[in-house]
Amino acid sequence: MRNVLFFDDMLTPKLITLIYWLGVIGVVLTSVTYMFSQNFLAGLGMLIMGVIAVRVWCELIIVIFKINDNLKIIAGIEKETHRGL
């Protein structure tokens, strides 16, 4: 708990999975409603493109946090290298 409160560990990466599934559910409900009330093909396109868009958006957020993790590793290596000098 201390790590989260003092920002040593990031909370957002843990929430991305929940955000992804909520986004997919929202896209599916919206597109299925559109498919049967307006235009079937447009709704099908919304379904396919929407699910892909939600996935890409979540992956981009995860990439940012992975970059942060890798920078922490690099910073640790740099500290060890400078201690040895």
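Author: Let's start with the largest nonpolar core, which is made up of 8 residues: Ile16, Tyr20, Val24, Val27, Val54, Cys58, Ile61 and Phe65. A nonpolar core here is a set of buried Ala, Val, Leu, Ile, Met, Phe, Trp, Tyr and Cys residues joined through side-chain atoms within 4.5 Å. Helices α2 and α3 (40-84) each supply at least two residues of this core. In soluble globular proteins, nonpolar side chains tend to be buried together.

Keep in mind that this is a predicted model, so local features need pLDDT of at least 70 and side-chain atom pairs count only at pLDDT 80 or more, while totals for chains, interfaces and linings use all residues. Residues are numbered from 1 along each chain as its sequence is written, and side-chain values use heavy atoms, with hydrogens and water left out.

The chain has a mean of 88, with 92% of its residues at 70 or more. Confidence is highest in α2, at 94, and lowest in helix α1 (residues 2-5), at a mean of 69. Where pLDDT is low, the predicted coordinates should not be read in detail.

So α2 it is. Helices are DSSP runs (H or I, at least four residues), numbered from the N terminus.

Which residues of α2 are buried? They are Ile16, Tyr20, Val24, Val27, Ser31 and Met35. Buried means under 20% relative accessible area, exposed means over 50%, and partly exposed is in between (1.4 Å probe, protein chains only). An α-helix has 3.6 residues a turn, so residues three or four places apart point the same way.

Now walk along the helix. Tyrosine 20 counts as buried because its relative accessibility is 15%, whereas tryptophan 21 counts as partly exposed because it has 48%. Together they form an edge-to-face aromatic pair, with 5.1 Å centre to centre and 70 degrees between the planes. Rings of Phe, Tyr and Trp (its six-membered ring) pair if their centres lie within 6.5 Å; planes under 30 degrees apart are stacked, over 60 edge-to-face, and the rest tilted.

Next comes glycine 26, partly exposed because its relative accessibility is 30%. Its C-alpha is 9.3 Å from that of glycine 50, 24 residues apart along the chain. Valine 27 is in contact with Met46, Leu47, Gly50, Val51 and Val54, leaving aside neighbours within four places in sequence. Contact just means heavy atoms within 4.5 Å.

Not counting residues up to four places away, serine 31 touches Gly43, Met46 and Leu47. Its side chain also has a polar atom 2.8 Å from the backbone oxygen of valine 27, and reaches the backbone oxygen of valine 28 at 3.2 Å. These are polar contacts: pairs of N or O atoms within 3.5 Å, where within protein one must be able to donate a hydrogen and the other to accept it, and residues adjacent in sequence count only if both atoms are side-chain atoms.

Finally, look at threonine 33, which counts as exposed because its relative accessibility is 51%. Its side chain reaches the backbone oxygen of leucine 29 at 2.7 Å. Threonine 33 and glycine 43 are 10 residues apart in sequence, and their C-alpha atoms are 7.8 Å apart in space.

How values were computed. pLDDT is the predictor's confidence in each residue, from 0 to 100.
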